[in-house]
Amino acid sequence: MIERIVIIDNVDPVSFYGINNCNMQLIRNLFPKLRMAARGQVIKVIGDQEETAKFEKKIKELEEYCSRYNKLTEDVILDIVKGNAPQELKREDVIIYGINGKPICGRNPNQKLLVEAFTKNDLTFALGPAGTGKTYIAIALAVRALKNREVRKIILSRPAVEAGEKLGFLPGDMKDKIDPYLQPLYDALEDMIPAVKLKEYLENNVIQIAPLAFMRGRTLNDAVIVLDEAQNTTTHQIKMFLTRLGMNAKMIITGDVTQIDLPRSTSSGLVQALRVLKGVPGIGMVEFGKKDIVRHQLVQRIVEAYQHWDDESKSIDNQS
């Protein structure tokens with residue numbers, strides 16, 4: 001009899017063990033000759049050498065499946081332990097599988113174009129109105145690169161600019177003060193990475209979420225870097241950010257030039273960058289339109305109504 005320790009460090013233990021440890025109970029039943037105990041990422045198993053070696057091999061196969069699809073079902077466990085190939089969920093258009101195996105993919109031609117542009121270029125601009133999924137797809141691409149071990153970290157940033165209102169002095173430490181600005185980024189991550197794993201990534205700085213001001217002086221290597229709401233950067237800020245790009249790194253810049261919250265006297269860095277960098281090799285650009293909006297259908301009508309209002313206002317101003 002020997003004791004073997006198996007570590008499952010690529011998955012969220014809650015997803016792997018199942019609700020009320022139902023998956024672990026099934027695994028116990030499939031290996032009746034073994035005694036086992038599971039705690040966190042560690043599974044301790046006692047039995048003869050051949051049986052424990054088989055157990056470790058099957059656990060690693062289950063871990064790989066759970067890591068890829070973010071779910072582990074009874075049928076999959078039975079198939080893998082019995083040596084059968086589980087039914088493949090993978091589709092060509094899927095970027096990653098989110099929480100509970102939810103497939104995350106490009107839902108319209110421009111989202112798919114963003115996936116292609118990210119693959120071909122080290123710097124990609126994704127431009128368009130609210131609700132087109134620019135940020136969501138950008139973060140999904142970053143998470144995929146991390147899971148595939150193409151990069152060692154993800155860095156998400158956005159300028160700390162209020163949308164037309166002053167929030168005043170916020171209570172708490174630095175993290176408490178900046179988190180409200182960065183909440184949309186957390187929302188996307190929580191849809192793609194199990195809570196326990198996401199917490200581990202954040203604590204170990206594998207995923208870093210920081211306001212734009214914290215980027216100065218850094219060289220960002222082996223990373224996917226996403227700058228959200230770039231229309232609210234100044235010309236100096238966006239130049240500073242763009243020049244942080246290091247070796248084996250990719251950047252995605254998202255923004256909507258119709259929603260600039262900067263003071264009237266301040267020029268948008270995104271608008272200037274698009275002019276300066278037009279035609280530079282290695283830079284991709286995807287422009288989303290009103291038809292690409294994937295939120296509530298009313299959002300598209302709201303965007304159209306505001307654009308119509310702006311066009312009429314400009315026409316009146318020109319006539320006067």
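**A loop and the packing around it**

Guide: Arg149 is placed in the loop between H6 and E7, where helices (H or I, at least four residues) and strands (E, at least two) are DSSP runs numbered from the N terminus. The model is a predicted one, in which local features need pLDDT of at least 70 and side-chain atom pairs count only at pLDDT 80 or more, whereas totals for chains, interfaces and linings use all residues. Residues are numbered from 1 along each chain as its sequence is written, and side-chain values use heavy atoms, with hydrogens and water left out.

The phi of Arg149 is positive, near 60 degrees, although the residue is not glycine. Most residues other than glycine have a negative phi. Because its relative accessibility is 63%, Arg149 counts as exposed; exposed means over 50% relative accessible area, buried under 20%, and partly exposed in between (1.4 Å probe, protein chains only). Asn20 also has a positive phi, of about 55 degrees, without being a glycine. It lies in the loop between helix H1 (13–17) and H2, and it counts as exposed because its relative accessibility is 76%.

The largest nonpolar core holds 38 residues, and Leu189, Met192 and Ile207 have the most contacts inside it. Such a core is a set of buried Ala, Val, Leu, Ile, Met, Phe, Trp, Tyr and Cys residues joined through side-chain atoms within 4.5 Å. Helix H6 (134–147) and strand E7 (153–158) are among the elements that each supply at least two residues, as are helix H7 (174–190) and strand E8 (207–211). The greatest contribution is that of H6, with nine residues. Setting aside neighbours within four places in sequence, Ile207 is in contact (heavy atoms within 4.5 Å) with Leu146, Ile154, Leu189, Ile193, Leu198, Tyr201 and Leu202. Apart from this core lies another, of 26 residues, including Leu26, Phe31, Ile59 and Tyr69.

Tyr69 is located in helix H3 and, because its relative accessibility is 1%, counts as buried. Its C-alpha lies 8.2 Å from that of Lys102, 33 residues away in sequence. The axes of H3 (residues 49–69) and helix H4 (residues 74–81) come within 10 Å and cross at roughly 140 degrees; axes are lines fitted to C-alpha atoms, for helices over the stretch in contact, with angles from 0 to 180 degrees between N-to-C directions. H3 and H4 are therefore oblique to each other, since angles under 35 degrees count as roughly parallel, over 145 as roughly antiparallel, 65 to 115 as roughly perpendicular and the rest as oblique. Lys54, Lys58, Glu61, Leu62 and Tyr65 of H3 meet Val76, Ile77, Ile80 and Val81 of H4.

H4 also packs with helix H2 (residues 22–30): their axes come within 10 Å and cross at roughly 30 degrees, and the two are therefore roughly parallel. Here Asn23, Leu26, Ile27 and Leu30 of H2 make contact with Glu74, Ile77, Leu78 and Val81 of H4.

The protein chain as a whole has eleven helices and eleven strands, and 45% of its 320 residues are buried.
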